[in-house]
Amino acid sequence: MKQLAQAIRVFTEQRIMPCEAALSAGDEHAQELLMKLKHQARQQGLWGNHYPADWGGKGLSFVDYQTVAQEEGRSEWGPVVFGTQTTLDTHILRQFGSEALQARYQEGLVSGALVGAYGMSEPHSIGSVPSTIETQAHQEGQAWVIHGRKWFISRAKQAEFVVVVAKTPAHPSADSSEPSLSMILVPMSSKGLSFGDDVCLLGRDLGQAELIFDGVRVPHDHLIGLQGQAPILMQTRLKLGRTMNAAHWVGLAQRCFDVMCHRINSPRGQQARLPEKQLVRQHVFNVYQSIGAARAHLRCAGQSLDQGLPSLIETQMAKVAASQALSLAVDSAIQMFGAEGLSDANPLSRIYRMARTTRILDGADEVLINAVGRQILETY
Ligand SMILES: Cc1cc2nc3c(=O)[nH]c(=O)nc-3n(C[C@H](O)[C@H](O)[C@H](O)COP(=O)(O)OP(=O)(O)OC[C@H]3O[C@@H](n4cnc5c(N)ncnc54)[C@H](O)[C@@H]3O)c2cc1C
């Protein structure tokens, strides 16, 4: 595991970081470069590090994988290059997908030939309150028919399919007649599925898009899990997804910290006598403390995942702590670089934009803080 983490560090520093400026252009050349890097990572055995063991994964516990994931996260493109992007889909399809879906997508997902997207957020519903979802799906014969809109959908333009969360009629055997939420896999080539407006975040295309479902029909075996089971599947997905993202963010925070300390000790920093200044040392202390706290929460979240514990507190804490550590680390590093840190030629300015999104995606920080506070108080 340590050797794997070390190999990923070397690959990231030697192959990915020198290409980051070109990758951030997001053009055709960037896509080709990304494919090349993915291919090289696969050839070197650095791919799919947390896929299910029987789907070609390495069988690492989450606690062990965290060390690897933090190295994957040192570059914003690490999670794409090392195949982590598809990890959630591999786990969800393996556990809850029909035989037909597994047969169609397993090989492509595991080999990196295709990626999936996840469609939950909508323009007219509250992302933090899934019961407000308006997208509807109903059965007609042997098909599911879907109407609705989804927005901020990551990877939508590259994806082969999107897993949609939609309101479906109550299952005949359910206790209540209220509509429930279900997950349905929709191939992106489906008739009636189109793109809405492009979504740019803080002036940059980070790969999100809007999707419109206008009577999209998919076979009945494209339902993932059972009708009405989406809330449970969403929790399963979020628990692994949040912990994985948190590990990547801690890795990126550590990179910002390293860059900041090198700068403080550099000839330019020495000239300004930065290492001797107490306010500079306070930046170092605060970021170091924040990353250390995030790592501790991450370890607890990893143990909870490995033991299959139902509690959500650990993953919610890890997500918030990692997002705070990354936000503080990149902000402090930019401060130590002065104007140069804000320049687009510097990776910190890109990381800063990305760090800002972490306080909203995967559950807004306020929602998670509120949930953790409530769960803790309930135990007293
Ligand atoms: C980079 C990025 C990628 C994304 N990728 C995807 C994707 O692939 N698929 C997808 O479906 N969605 C995606 N999203 C959307 C994301 O999941 C939602 O933005 C998130 O769930 C929050 O929902 P919302 O934007 O509707 O905000 P809302 O739920 O409307 O909340 C708005 C704000 O209100 C406050 N708030 C809300 N509830 C509470 C509360 N209980 N207590 C205190 N304050 C509260 C918070 O400050 C919150 O930020 C992505 C978002 C970003 C930024």
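Predicted model: local features only at pLDDT ≥ 70, side-chain atom pairs only at ≥ 80, totals over all residues.
1. The shell around the ligand. In this model 18 residues surround the ligand, and the closest of them are Y118, M120, S121, S128 and F152. Sorted by class, the shell around the ligand holds 10 nonpolar, seven polar and one charged residues.

2. Where the shell comes from. Three elements, β1 (116-119), β3 (143-154) and α14 (365-378), each supply at least two residues of the shell around the ligand. Of the elements that contribute, β3 gives the most, with three residues.

3. In E366 the atom concerned belongs to the side chain, where an N or O atom is 3.1 Å from an oxygen atom of the ligand. As for cover, the ligand on its own has 980 Å² of accessible area, and the protein covers 68% of that area.

4. Helices α8 and α11. Helix α8, which spans residues 230-265, packs with helix α11, residues 313-337, at an angle of about 20°, and their axes are 8 Å apart. Because angles under 35 degrees count as roughly parallel, α8 is described as roughly parallel to α11. The crossing of these two helices, α8 and α11, is left-handed. The residues of the contact of α8 with α11 divide into 18 nonpolar, five polar and four charged.

5. Helices α6 and α7. Helix α6, made of residues 87-96, and helix α7, made of residues 99-111, pack at an angle of about 155°, with a separation of 10 Å between their axes. Since angles over 145 degrees count as roughly antiparallel, α6 is described as roughly antiparallel to α7. Here, too, the crossing has a stated hand, and α6 passes α7 in a left-handed crossing.

Methods:
Residues numbered from 1 in each chain as written. Heavy atoms only, no water. Axes fitted to C-alpha atoms, helices over the stretch in contact; angles between N-to-C directions. Helix = DSSP H or I, 4+ residues; strand = E, 2+ residues; numbered from the N terminus. Parallel < 35°, antiparallel > 145°, perpendicular 65-115°, else oblique. Left-handed = near helix turned anticlockwise from the far one by under 90°. Nonpolar A, V, L, I, M, F, W, Y, C, P; charged D, E, K, R; others polar. Near = heavy atom within 4 Å. Polar contact = N/O pair within 3.5 Å; in protein donor to acceptor, adjacent residues only side chain to side chain. Areas by Shrake-Rupley, 256 points an atom, 1.4 Å probe, with all protein chains shown as cover.
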